[in-house]
Amino acid sequence: MFTLKANELFVKVRPDYEGRMVTLENCLRKLKDIIERIPDREAKPILQAEREQLDSHKVRIPFPQPRPAKDAKYTLAYSKPAEINVVGSYARRTSIVVGGQLGIDLAVTMPSHIFQEKDYLNYRYFYKRAYYLACIASGFEEAQEDEYAIDFAHQNDNHLQPIIIITPIQEGNSKTKDQIRILLAADGDLFPISKTLPNKGCIRSMAGGTSSLGSSSKRPTPYYNASLRSECSSLAYLKYLHASSLQSDGFSDACQLGSVWLRQRGLGREFGPFEWACTVALLMQGGGTKGKPILSRGYDSYQLFKATLQYLSLRDLVSSPLFVHSDDITLVHHDGPMLFDGKRGINILFKLTPWSYATLKHEAGVTIKLLNDPLSDQFDACLITRVDDLLQRFDYVVKMRTRQVPIPTSQMVDALNEETYLCHRVHKAFSTGLGDRIRLLHLETPPILPWDAAAPQESTKALYQVQVGLLLDPENFSRTVDRGPSAEDKVAAAEFRRFWGNKAELRRYKDGTIMESLIWSTSDPTDSVLKQIVAYVVRRHLGEEAVDSIELLGELYDRLLPDRKLGIKERSTSFQPFMSAFESLEKEVRAFEGLPLQIRQISAAHARLRYSSLRIPALDHSPGQMEPASICVQFEGSARWPDDITAVQRTKIAFLLKMGELLEESTNGLIARLGLENCNHKLMNIAFLDIHCPSGAVFRLRIHHERELKLLERVLKDSTQSAASREETASALSTYKRDFIQGPIHTQAIRTLSTRFPLLSPCMRLMKKWRDSHMLSTHLSDELIELLTVRTFVHPYPWSVPGSVMTGFLRTLTFVSKWDWQNEPLIVDFNGEMAGPEIEAINLCFEAWRKIDPAMNRVAIFAASNLDPSGITWTEFGPSKVVASHFTSLAKAACGMVKERGMNLEPEALFVASVADYDFVIHLDPRSTRTDRGEQRHSVFKNLHVQSDQDKSLAGFDPVQLFLGELRAMYGSNILFFRDELGGSLIAGLWNPQTGLRPWKVKLAYSTKPCVRPGDEDSQVTINETATLHDIAKLGGDMVLRIEVKRSSTRQ
């Protein structure tokens, strides 16, 4: 399936070579003619050549930094190129179209006679190269008549390698999407490979020609050397990669897969399509045991693609560098990753920085896990989904700005410019300061934009902007005490204090050890440990000005939760008092001796007992006003239970009465009250026991009798039942399975996962807040929201497991926005053990439902898991197709806002609901609503508050929910109601379009009024909106303040 989809992708991303060839060939031929007509220029001193170039040709020479000395002894010259060739992926026909744009590389080989033997030293080659490039740009400027836009740019942001970008201009002065990049190349034998090996030092003097201080002249310059060697091997690699494509049928397609994969992850700057192709080709040539190839030439494109990713993810090319065709070359190991091509004398990975290589390895590892996950959409997650959005890619993003930092003389080697030097300083400071709190640290700087060849390049910025992406370790990132080296290790302790300064202190621990330590404050909830560390490290190592510019993106999402003052671990432990109250109650119930049957199991079945309720349960609330948490009690099997479903319900009442008596006798202060429910449905559970514990916790206990399942199934199979009775029985059976079977199983699974993933709980709760804020509380069950959030953690691809509330929340919204629930089921594997047959069975069940109910009137969303393969437990009674579509639309709008505003997004904006799309809005008296499910508005009079506490029958009482239930019972599907169960004082409504103009008939389910139009012979009616709204207001009584009509009726 992956290969078939890849073939379809190739059709979309491959350029139309035949269609574009004529236009592009004419353009390339014209550019080649211009270059060949440029006259030679005799050798001149640098100062004279630069002045002549600027005065006579109006093009500045793009010298790299540091600029050449004015009194340099060598000269600059221009002569006709030795060769001009189309190179790169376009020449090999492996290029891809990006946003309709196609790039073509035209390599101009400079003649060898303009260089000297020692030009590989001290930037001399690159200075002469820059002059040669400026001469070509001058030729273009003088020969063309506004046919092209001519710009300078840096090749892959390498300041040593400026290039020319030619963009043809269409009629109307608009640029085409195609670009031609003029690259410079040198003869492969211009400089010996032995002179530019990675362990050689080729920068031996400063820009002015003076000797470097200390031993820096002996230090290797691998980046400088590889940049030079890459110029001498461009044509050699064109031939080498072409030969590789002839040796392996899957090579070219594997290169295109790699190009798409890299682009979707934003990895092209340091490791692009060229490096990918070279890596695949080299691994097909050698690198294995005894020089054998790592990749087989017989692999197809998918196998080559996957095997290359697996190699990149598993092999650490820093500690274990790979040498291919380099038996006669001895290299000293250096800090960066190494994939050395001995024949051409270059390290393919020379552009990779420590952070970009770590990101490459991380992304490759995540993709391999994705390709091995049968439940993930492997193709879309791998090659279609964009993964480079910082807010979803990283758990936290640190934005900072700092002034340019002069490079110390000892560091002025290997062509290190100021921006790169700053990034290395930031990387070292952050990686040392954060340590094991992070799993990945990635740095990004704004790309260097092309500049007009006739204008000077913008000078070095006054302020550098750096964005630091962090993937956190949830177990360690909020740790408040850091243990450093032992006091006995003098060298390590001195280094620790040098880095941390006065923050470091000696502490003696309980085990007797004395260690250097760091203590971070938790007194200010808005000042997290992570923020404290970042601020301290930046202040100490990058300067005070950089501290003032720090923005930590991601923390604001944590503060959106009601318990914003608590950290991640504190939030989990905040549920513990309620959990302990449940455990105490369980012990008391199991200790009963006066019951006729022994208790087999006591199960939790509520969001508060699985760490997912929006509000953390506080036991100091008035027990008469807290919503009870559902629990189920199952007794041991016995033949004494009646064999009639109605009699079973009556027997439960007797058991509950007895249990209430025993509980009140065994625990001082405990109050138990019997309650009735579903009184009009004899097949459903009709009784429960509300238990008010002395601690303040309130539980609603129901009895689970496993025999009910078979009794309901027997009634359902009875052919003598009427259609209405069968429907009632089916509803009772679904309710039974949800409340007594799937509810406890789901609660236990979520509790387990919340322990495994500490951030799952706050992410579920934030998703529920988003749902509630958009008035979808009564349509989307808690369990469905939890399943959607769990999927983000157990099937996180194409990302890794979320390490912050921000990433968990935004990725869940992204999935909802893209999920085609009409044609795809939601499948969640809680324990990672689902096999192919189980997945296939769920898909068959989904297809069966779509055939039975193609209009999706009964089941719109199909949400299955390994615990609930039926897929309808949490969605059979909602949401409807209209609400599901609204849910998806809201998620798309939220994701669009995130993409549009990016780093400037205020998270609160995602939770602002609009009522403009509803037909009418019912405004309720705030005194009748709850501020949350566990707390009701208190009377200002203390005596009334005390009296209300004594009425235990108010447990879980929600007048607005009861009002809403009556409205739905009255109007059914004719009006769709929306409400925020968290305590919002609004109920919004939508008229069903089917209540519009229709022929009159008896027994319509709503109030109507005639609508007569000229020329209509038949009488038509429409819903009487005014009368209906008046009835709603009358039913609500004092609860309804007013009803606002948002959209005028178009039914008349």
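Which residue forms a salt bridge with Glu516, and how far apart are the closest N and O atoms? Select Glu516 and Arg497 to see it: the two form a salt bridge with closest N and O atoms 2.9 Å apart, where a salt bridge is a side-chain nitrogen of Lys or Arg within 4 Å of a carboxyl oxygen of Asp or Glu. The pair links distant parts of the chain, with Glu516 in strand β17 (residues 514-519) and Arg497 in helix α15, 19 residues apart; helices (H or I, at least four residues) and strands (E, at least two) are DSSP runs, numbered from the N terminus.

Before going further, keep in mind that this is a predicted model, in which local features need pLDDT of at least 70 and side-chain atom pairs count only at pLDDT 80 or more, while totals for chains, interfaces and linings use all residues. Residues are numbered from 1 along each chain as its sequence is written, and side-chain values use heavy atoms, with hydrogens and water left out.

**Confidence**

Colour the chain by pLDDT, which is the predictor's confidence in each residue, from 0 to 100. The protein averages a pLDDT of 87, and 91% of the residues score at least 70. Next select residues 207-216, where pLDDT stays under 50 and the model has 17 contacts beyond four places in sequence, a contact meaning heavy atoms within 4.5 Å. Residues 931-950 also have a pLDDT below 50, with 31 contacts in the model beyond near neighbours in sequence. Where pLDDT is low, the predicted coordinates should not be read in detail.

**Around helix α15**

Now select Arg498 and Glu495, which form another salt bridge with closest N and O atoms 2.9 Å apart. These two are 3 residues apart in helix α15 (residues 490-500), and so are separated by about one helical turn. Arg498 is partly exposed at 43% relative accessibility, and Glu495 is partly exposed with a relative accessible area of 43%.

In helix α15, too, is Trp500, which pairs with Tyr536 of helix α16 (residues 529-541), 36 residues away. Rings of Phe, Tyr and Trp (its six-membered ring) pair if their centres lie within 6.5 Å, and planes under 30 degrees apart count as stacked, over 60 as edge-to-face and the rest as tilted. Trp500 and Tyr536 are stacked, at 6.0 Å centre to centre and 20 degrees between the planes, and Trp500 is buried at 4% relative accessibility.

**A tilted pair and a ring cluster**

Move on to Phe757 and Phe793, whose ring centres are 5.6 Å apart with planes at 45 degrees, so the pair is tilted. Phe757 lies in the loop between α23 (723-756) and α24 (760-773) and Phe793 in helix α25 (residues 782-794), so the pair ties together parts that are 36 residues apart in sequence. Both Phe757 and Phe793 are buried. Elsewhere, ring pairs link a cluster that includes Phe63, Phe115, Tyr120 and Tyr224.

**The nonpolar cores**

Select Ile136, Phe140, Ile164, Trp261, Phe305 and Leu383, which touch the most other members of the largest nonpolar core, a group of 118 residues. Such a core is a set of buried Ala, Val, Leu, Ile, Met, Phe, Trp, Tyr and Cys residues joined through side-chain atoms within 4.5 Å. Helix α5 (residues 124-143) gives the most to this core, with 12 residues. Around Ile136, show Ile35, Ile38, Tyr78, Val108, Ile164 and Leu184, which Ile136 touches when residues up to four places away in sequence are not counted. A second, separate core has 68 residues, among them Ile785, Leu826, Ala860 and Leu905.

**Backbone stops**

Finish with the backbone, where the peptide bond from Gln65 to Pro66 is cis, with omega near 0 degrees; Pro66 is found in the loop between α3 (46-57) and β2 (75-78). The bond from Gly878 to Pro879 is also cis, with omega near 5 degrees, and Pro879 sits in the loop between β25 (863-865) and α28 (881-901). Last, select Arg93, which has a positive phi of about 60 degrees although it is not a glycine, in the loop between α4 (88-92) and β4 (103-109).

Terms used: Buried means under 20% relative accessible area, exposed over 50%, partly exposed in between (1.4 Å probe, protein chains only).
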